[in-house]
Every structure is written in C-alpha cells, then in structure tokens.
Amino acid sequence: MLRVEHYSKTYPGGKKAVDNLTLHVQPGEIYGFIGHNGAGKTTTLRAVAGVMDFTEGTITIDGHDIKKDPVGAKRVTAFLPDNPDLYEFMKGIDYLNFIADLYDIPAGQRTADIGKYAGAFELTGNLGSPIGSYSHGMRQKLALISAFIRRPRLLILDEPFVGLDPAAAHLMKGYLAELCQGGSAVFFSTHVLEVAEKLCHKIAIIKHGRLVKSGPTAELVGDSSLEDVFLELEGEK
Amino acid sequence: MKKFLTLLKVSIQSMLLSSTNSRGRGRKKAATGLGAVVVIAGLGLYLSGFYSYMLMQALAPSHMEILVFIFMGMAALVGGLLFTTFAVKGVVFGGKDNDLLLSMPVSSTLLMASRVTAIYLENLLFSAFVLLPAGVVCTILTQSGVGHSLLFWARLVIAALTLPLLDTALSVLLGALVAFLSARVSKGALGQNIVTGLFLVVVFYFSFHLNRMISGLAANAAGIKDSLNWAAPLLWMGEGILGDWGLLLAFAACCVIPFALVVFGLGRVYRQAVTAFAARSAQSNYKLSAQSASSQKKALLRKEAQRFFGTPMYFWNAGLGLIMLLAGGAASLVMREKLLAFVGMEGFPLLPMAAAVICFCLCTCPIAAPSVSLEGKYLWILREAPMPGSTLLWVKVGFQLLLTLPCTVIAGACISIALGFHLWQGATLLIATLLFAVGHALFGMLMGLTFPKLDAVNETVIIKQSLAATLAMFVPMAALAAAGGLYWLGSQMTGWAALALPLLLFALLTAVCAAVLSKHGPVMLQAL
C-alpha cells in the first residue's frame, strides 16, 4: 500500500531531517511511527501525504508515485496533521461537503457516512455551527470525520489522539481497525506508546532522521514493553 | 515601562512584518517591507501635497491658510478612521497571541495600551503624511509669513503628534463595536457588513459635503470658517498651528483626554472584552438531511465566496471598487444631464476617461492577491486534496473575474448609454476594461504567490497591509498611467493609434501574466 524507498529530506540551510528512510506498509496494516521530538516523524508523514516536497527517494501509495502522479496518490489518501486547522468561516457541514466535493464522493454515500461518523462522535447537532465556534476536541473530531468519509486506502495521522476525549479515542481505534479490515492501511505517529503497542501491527522507530528499528510489534517488543525498547534505543535506559 | 516597551515592540514587529514576504530572508525581506512603506508613503505624500497646494493657492491670497490645516486635519482624521477602525478588531481584540500574553504577569491595561499604541503609530503615519506636506506648501505659498518660523513647525509637529490620539480613540471605540457585533449577532458577517456599509455611507456623505465646501472656498472662505464650529477641535488645531498656543493646548487636550479615557477605561475591562468578543459557542440543534454533491471547481469557488462575503474586512477592502463600479454606472444614468454638462466641454477625451475610471475602480479590488496568504494555516487542506496546483490558482483568479467582469460590463454599458457612445466606442470601452480586469486578476495572483504571508497574526494584516495586496493595487494603477501616456502618444499620430496602443499594452500585459502564471504558478504554490 505504502512504499517509502530511500527517502531523505534536507531543509534549507543543510539540516537533514530524514536520512535514507525505507519502510513498507501492507494493506490491512496499522503501522505506528514513533520517535522523539524532532526525529523526523512529521516531516515523513507530510512528504507521504504530498503536502511537502522532497528531493531524494521515492514514495508510492497504492501504485501511485507521489511525485509523478500526486493527484492519483492523494485520491486514495487521507491525511490529518497533528493540529488540524480547519476553515473557521465554514460551518461543520459545509467543511465536510467541501472535502467530499474535492474527493468526488457521491451524495448518497456522503450523507450516509457523515451520518454514521458524526453520530458516533456525537457531533451531528453541532454541524450547523461555524467551525470558529468549535472547541479543540470538536475540531479534531470533525477532521477525523472528514478523513473517514473519504474511505481512504491509506490513512495518515500525525498524533491523532491529542485533544480527543477517552470515548472518542476508543471510537477512533475501532474505526481504524474497521478500515484495515476492509483492506486499507493506517500509518500514524504517536507518543502514546501504550496505544501504539496495543493497536499497531507493525512499528518503526526513528531517531535523528534515521530508522533505527522496525518490524511486527510482537517481534519488536518481545518480552519487554515498547516503552522499554524505545527508551533503550534512545539511550535513556 | 520596560514591559510596555517589550509588548509594544512585539506589536510593532508584527505590524512591520505584515508587509514582508514570509519566505524572504535578510535583505530581501527588509527590502520588500520597506518597498511597501515607500509605496504607501509616496502615494500619501503626493495626494496630500497636491490637494494642499490646490487649497493653499486658493486661500493664501485671502490669508485663510487656516482652512487648509482644518481640511487636511479632517482628511487625516477620516482617512485614519477608515484605515484603522477595521484593523482594531484584529490587532487590539483578536490577536492570535491573546491567550499567551493574557496569561503573562502583565496588567491587561498595559497589554491593551501597547496594542492601542501600535494603532496610534499607524494613525501617526497617516497624520504625518497629510499634515506635514500641508506645512511645506504653507511655507512656500503663504503671503503672511506664518510658515517661516521654527515655532510654526514646532506647533505643526505637536498637532501631527496629537491628532492621531483622537483618531485612535475613535477607531478603538468603533472597532470594539464592530468586534462586539461580530461576536453577538448570529449572522456576524452580515451584521458587520451592514455596519461597515453605513459607516462608509456616512464617510462618503461627509466627503461630498467637504467637496462642496471646498469648491466654494475661494468665494466665501471666512463664511466657511465660521460654519465649522461643529468641528471646534480642528478649528483650534488650525488656529494653534498658525500661532495660538492656548488653542493648540485645548486641541491637544481634546485628543489626549479621549485617548487616555479609552486606554484606561477599556483597559480595565480588556480581559472581559477579549473574552466576550471571542466567545461563540457551537449550537447543537443541527439535523442532518440529504446532502448534495458538486464538482471540485464549484466547491473551491464556493469556499472562496464564503471567505470573501463572510469576512467583512476582506469584502470591504477588496470589494469596495465593485460597489463603486455598480453605483457609478447607475449614477451615470440617473444623473446623466449633470454628467453631460460636466464633461461636455470641447475636446474632453470621454472614451479614455470612462475607461480610466472603470480601470481605477478595478485596481481597488485586489481579491486574488491576498487569497493565497489567507489560506495560511489552512493550506494543508488544499495541498493534500487530489487536484493539481494549477486548479486552485485558476479558481482563485476565476473567482475575482466572476465578481469583476459582470460589474465591469454593467458599469461600461451604463456609462456608454449615459454618454451616448457609438456602438464601436462602447465595444472599445468594454474590450479595454475587460482586458484590464483579466490582467489585474492574473497579476494579483502572481503577487499573492510571489509575496506570500502565510504566518500573519490575523487576516487584517494580510488584507490591508500585505505587500501582495499593495502591489496588486498600485502596480496596475501605474500600468493605467502608462496606458494614458500611450493614448497621448497615439493621439499625436492618428485617432486609431490612440485607442489601439493602450489596448495593445493591456493585451500584452495580460498575456505575459497568463503565461507566467501558467508556467510558474503551480511550482510557486508547491514551494510555499
């Protein structure tokens, strides 16, 4: 589903944020991406989502090269940044329809999916209000709904649990699993190691822009815990 | 005091950086910011110097120089109000750093004072550009010698420093009203648009009233001065500049006291005001019904329309020219007789003048230019969307054209009918103005991409002060002036050349902008 091959990103000024990263996410997988602050997680996710340009390596989503066929790649992808800013002058329902229009989602399908996800996240009643009046958590839920209604083949999430209440976080985990059961894949970054350990089929750990360990969660963790593995790799233990 | 200066420095930095290219570095960044200030200053000085000269020429012989300072003071006051009232909502009450600064160990009065002082500095710039050229003109043209002493300049500087205090006090009060209405009225943008519209009607009525007074100045200067009792503080300012220290002190008190009252009065409730103006709670009574689908381009156009009509600052700053086009077209039909009498003189170049008026109105509509910067923190939404970058750019250009082209056609048709143009003249007018409208939209888009300001602290700085919006307004005016020059050059040769040369210029500039935008636009967008 997602193939990142020898991807590197160097910022103006010469700082190498990511160095020769290679990882593959298979259909049906939830793939966790963890690392310390500034390790290169967000830079990688933004490049995968086609939001940020890069010079070295290739990124392919469902057979579409993000550089050569960005529109094709984005059509099967949904991306949520760590702090999704949504148009404050729009009402919630207008934003969902805007996204649905950009992704050519038929009217019947969008009505059903908005009803399903907005109902589950208890946001239906608020959809008529301007996004400017939403709390942080409500915006996060709206952004998640806008991602789920796209029925993406690859869902890319940057710190998706920040700002969500426990019930919404639980709900989201259920929907991620549901998405993967349908053959899609999820690639997300998180600092919540307990969640990553329980939720992810595979995990990659990045340090100073370089992949230091990756593989199936069970193999990676072994008899230890993900927290122990992570801290050991970070040299904190 | 140290805290106040630190806060003021932050406000001023934010204001100054608003004019710069957010991607620029070092010298380029400083140069672009300086360029914007130079453009605004140059235009302000020119307009002020020109009108002061005209007035002083008419009034100096009858020793009524005082009226020049009164009228220029009024111009500075009204101009400053127009310039800063709608900035107050963003700069004083709606800063994105409100939470950060209000949580710090500084009094809310101090914070409010630092932000109001930033507004004062904007007004001071306006006041200086208007009053100081009047002083220069007075020094050169006066026949009573009032402008020839250092004390005159000292008094003028005192007036130029104190007048913006009154301006600031009024604009903060009006801005607070606008912010309050935005937060409290359920259709916030509509309510704010209505208030803004009424405000502009009052300003325009006042301006026309002033124009009538100025036109009768030379004949009855003393009578007009006597009739200005309603503007007593400005009368005192005029008397003060010309030598009456007592009245200058009274004028200064009229400016300082309201300013102090506003700063300390609103400062005491600043925290409450910021909270109240920002508090909008989401309603929870929406019932989901069947949704309808539309195309990508329609969705993007609808978004642009929602932002334009739903952001009063954007609508009134970039859309006023459209209203002027429609109102001007209608007025030309309604007041046809007066218009014909005014322009009926022999040899008056009606067709180019009509085209120039329409094109000037179009110049004041930089709708596409700030639209890239307005995406700001929302740009990720469009970047991750499955569409080529060129679609977004052409939709933004198309949105401006969707608004400007119909208004141009209506205004052109009305003016053609009112002035009794032949069919070929009407067609020429429409072709020239439509070409200009297309070129203006394309150029504005290029400016938006070249001088983006994606990290602005609020929308005000993008719409009112960004380099992209400034250049999108004034560079086309320069092109218009060049077209005027070509018309004159052509008229020295043959009749058709006079019309063909400006048309060729517009066509050439439009084609160049279209080619550059097509070739480099998507890359520039990707690089943001």
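Tutor: Let's begin with a term: buried area is the accessible area, taken with a 1.4 Å probe, that two parts lose on being put together, summed over both. Keep in mind, too, that this is a predicted model.

Student: Happy to! About how much area do chain A and chain B bury between them?

Tutor: The contact involves 47 residues of chain A and 35 residues of chain B. Carbon and sulfur atoms carry 59% of the buried area, and the total for the two chains is about 3500 Å².

Student: Which three residues supply more of the area that chain A buries against chain B than any other three?

Tutor: Look on chain A for a trio that supplies 18% of the area this chain buries there. Those residues are A:Tyr87, A:Phe89 and A:Leu102.

Student: Which residue of chain B meets A:Arg150 in a salt bridge?

Tutor: The rule finds 3 salt bridges across this interface, along with 15 residue pairs in polar contact. For A:Arg150, the N to O distance is 3.0 Å, which is within the 4 Å cut-off. The partner is B:Glu384.

Student: Which element gives the most to the side of chain A that touches chain B?

Tutor: The elements giving two or more residues to that side are α2 (70-75), β6 (77-80), α3 (92-102) and α4 (107-120) of chain A. The one that gives the most, with 8 residues, is α3(A).

Student: Now for chain B: at about what angle do helix α19 and helix α21 pack?

Tutor: Helix α19 (residues 423-450) and helix α21 (residues 467-491) of chain B have axes 9 Å apart. Their contact includes B:Phe436 and B:Phe443 from α19(B), and B:Leu471 and B:Val475 from α21(B). The residues of this contact divide into 9 nonpolar, 3 polar and no charged. The crossing is right-handed, and the angle is about 145°.

Key: Residues numbered from 1 in each chain as written. Chains lettered and ligands numbered in written order. Predicted model: local features only at pLDDT ≥ 70, side-chain atom pairs only at ≥ 80, totals over all residues. Heavy atoms only, no water. Contact = heavy atoms within 4.5 Å. Salt bridge = Lys/Arg side-chain N within 4 Å of Asp/Glu carboxyl O. Polar contact = N/O pair within 3.5 Å; in protein donor to acceptor, adjacent residues only side chain to side chain. Helix = DSSP H or I, 4+ residues; strand = E, 2+ residues; numbered from the N terminus. Axes fitted to C-alpha atoms, helices over the stretch in contact; angles between N-to-C directions. Left-handed = near helix turned anticlockwise from the far one by under 90°. Nonpolar A, V, L, I, M, F, W, Y, C, P; charged D, E, K, R; others polar.
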